[in-house]
Amino acid sequence: MNKPLRRVAIFCGLLVLSLLIRVNWVQFVQADELKNDTHNRRVAIERYSQPRGNIIVDGKAVTGSTTNESGDFKYKRTYKDGPMWAPVTGYASQAFGSNQLEKLNDSILSGTDDKLFFSRTVDMFTGEKQKGGDVVTTLNAKAQKAAYDGLNKSKGAVAAINPETGAILALASTPSYDPSTFAGMSDKDAKAYNGLLKKNNPDDPMLNRALRQTYPPGSTFKVVTAAAALENGLYTDINAKTDSPLPWYLPDTAHQPLNNEGNIPCENASLKEALRWSCNTVFGKISADLGNKKMKAEAEKFGYNNPEVDTPVRAAESVYPTDNRPQNAMAGIGQASNRATPLQMAMITAAIANGGKLMKPYMVDQLVAPNLNVVQQHTPEAMSQPLKPENAQKLQEMMEGVVKNGTGTNGQIDGVTVGGKTGTAQHGENNKDNPYAWFISYAKTSKGTPVAVAVVIEGSDTLRGDIAGGKLAAPIAKKVMEAVLDGKK
């Protein structure tokens, strides 16, 4: 071969080698990057070419898929009772992405998860199109409806948990939204989505108040302060008198009194009577006597100051602050910088009802392949032990006294033992805004304790003087507990 031909042959060989290297680089190195590129429309077209898997509650799908009337995306997401289930499902939108269970379980629902390898392999041989799997939740449809209907037009949230397993039974937030209204790509979908954003809607309907909003827990936190007193040996007999004078002054202040609400018997009241009447002076002094370090440690055993409480949707961090003595006393009665999510308060109630053991909250029980094979099963897991069993029993007796003949009588259920605690938390500078109404409770029968509930009413059309946890929140908690107990008495 002469010299010019040899040079041409070498050059062509180098070109072929470069092409081979480039093809292999694209196929094996850049494959995932190109596949997930937002400009790769073919991937999106393929993604929406088949129905999405469903989110399941009580054996029934609360989601679905429907065909688009136009465009190259064949299917879009639909929701049954969308506003009621939105705090659980989240949304899946062709234009605006997804969140909550829809996002966290996207690979299962879209059928791309490696857990579905066997199912996808069978489909490849049979010629079937790729199918999405299902997400089976722990939610109780009757309890969710009771929570959502109970909140009605109020701004607030409900969280209900099975104390024995940690399974979330209800998770409601109002005002809410219908994820179906912006599941597509049209101008109508964009208008619906933009109208829900907080900058355009002060009610912020897309905020999941049950998981992502924190509030001062008010007097419901007194159960944690009582737990700290028992666990640290400050008091051991819940029927014995406490060292609680009237008036009682906040420490390190110029005789600033901590007042009780109304004319109630709080002077040297026992723990049981103090919780029954919700005595600020008793529990403020307990928090001051124990000190910030011990109070904070007990709150953290219940889940406070934990930024990674995943359900699997991550909850906002509930905060018991490192604070000075007067502020710590106020935090001990659920005020000052004390902030908690409704989920957190349901966790506290659940731990007390479960003999002092706190189970990790969760709301996905199974991931199921299209062929109905279970590819992942959740196993309940203990999170902490905030209370010794004997102290949990004492707190149960105290909380049951609140419902039997204290501030929580609206939570009573015939033939069922109910424990609870009311709360009316101050809101705004100098308490100028309407307070938050709280109620936490559990219900138990001879067969066990299947439910613990936390309810908060952030805002309603109720007159300020009528806002109280026992009046507004307790009836909702009662309905939720009755829904879970249905058939379990």
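# Exercises on a predicted model

The structure holds 18 salt bridges. This is a predicted model, so let us treat each exercise as a reading of that model.

## Exercise 1: Arg52 and its partners

Task: Find which residues form salt bridges with Arg52, and work out where the partners sit in the chain.

Solution. 

Step 1. Begin with Glu102. Arg52 and Glu102 form a salt bridge, and their closest N and O atoms are 3.1 Å apart.

Step 2. Arg52 is in the loop between α3 (41-47) and β1 (55-57), while Glu102 belongs to helix α5 (residues 100-104). The two are 50 residues apart, and the pair links distant parts of the chain.

Step 3. Now take Asp106. Its side chain meets that of Arg52 in a salt bridge, at 3.0 Å from N to O. Asp106 lies in helix α6 (residues 106-110) and Arg52 in the loop between α3 and β1, so this pair ties together parts that are 54 residues apart in sequence.

Step 4. Check burial. Buried means under 20% relative accessible area. Arg52 has a relative accessible area of 16%, so Arg52 is buried. Asp106 also counts as buried, because its relative accessibility is 16%. Glu102 is buried too.

## Exercise 2: a salt bridge with another setting

Task: Arg314 forms a salt bridge with Asp310. How far apart are the closest N and O atoms, and are Arg314 and Asp310 buried or partly exposed?

Solution. 

Step 1. Read the distance: the closest N and O atoms of Arg314 and Asp310 are 2.7 Å apart.

Step 2. Look at each accessible area. Arg314 has a relative accessible area of 39%, so Arg314 is partly exposed. Asp310, with 35%, is partly exposed as well.

Step 3. Salt bridges that share partners join Arg52, Arg77, Glu102 and Asp106 into one network.

## Exercise 3: the largest cavity

Task: Describe the largest cavity by its volume, its lining residues and the elements that supply them.

Solution. 

Step 1. Start with the count. The structure holds four cavities of 30 Å³ or more, and the largest has about 140 Å³ of space.

Step 2. Turn to the lining. There are 16 lining residues, and the closest to the centre of the cavity are Arg47, Tyr48, Gln50, Arg52 and Tyr75.

Step 3. Name the elements. β4 (75-79), β5 (92-93) and α6 give two or more residues to this lining. β4 gives the most, with three residues.

Step 4. Sort the lining by class: six nonpolar, six polar and four charged residues.

Step 5. Among the lining residues are Ala86, Pro87, Tyr177 and Met206.

## Exercise 4: the disulfide

Task: Which cysteines form the disulfide, and what is its handedness?

Solution. 

Step 1. A search of the whole structure finds one disulfide. Cys266 and Cys279 form it, with their sulfur atoms 2.1 Å apart.

Step 2. About the S-S bond of Cys266 and Cys279 it is about -85 degrees, so the disulfide is left-handed.

Step 3. Locate the pair. Cys266 is in the loop between α11 (222-231) and α12 (271-277), and Cys279 is in the loop between α12 and α13 (280-290). The two cysteines are 13 residues apart.

Step 4. Cys12, in contrast, is partly exposed, with a relative accessible area of 40%.

Conventions
Residues are numbered from 1 along each chain as its sequence is written. This is a predicted model: local features need pLDDT of at least 70, side-chain atom pairs count only at pLDDT 80 or more; totals for chains, interfaces and linings use all residues. Side-chain values use heavy atoms; hydrogens and water are left out. A salt bridge is a side-chain nitrogen of Lys or Arg within 4 Å of a carboxyl oxygen of Asp or Glu. Helices (H or I, at least four residues) and strands (E, at least two) are DSSP runs, numbered from the N terminus. Buried means under 20% relative accessible area, exposed over 50%, partly exposed in between (1.4 Å probe, protein chains only). On a 1 Å grid over the protein atoms alone, a cavity is a set of points where a 1.4 Å probe fits but cannot get out, and a pocket is an open set with protein on both sides within 12 Å along at least five of seven lines; lining residues have an atom within 4 Å of a point. Grid points are joined across faces, edges and corners, and a volume is the space filled by probe spheres set on the points. Ala, Val, Leu, Ile, Met, Phe, Trp, Tyr, Cys and Pro count as nonpolar, Asp, Glu, Lys and Arg as charged, and the others, Gly among them, as polar. A disulfide is a pair of cysteine sulfur atoms within 2.5 Å.
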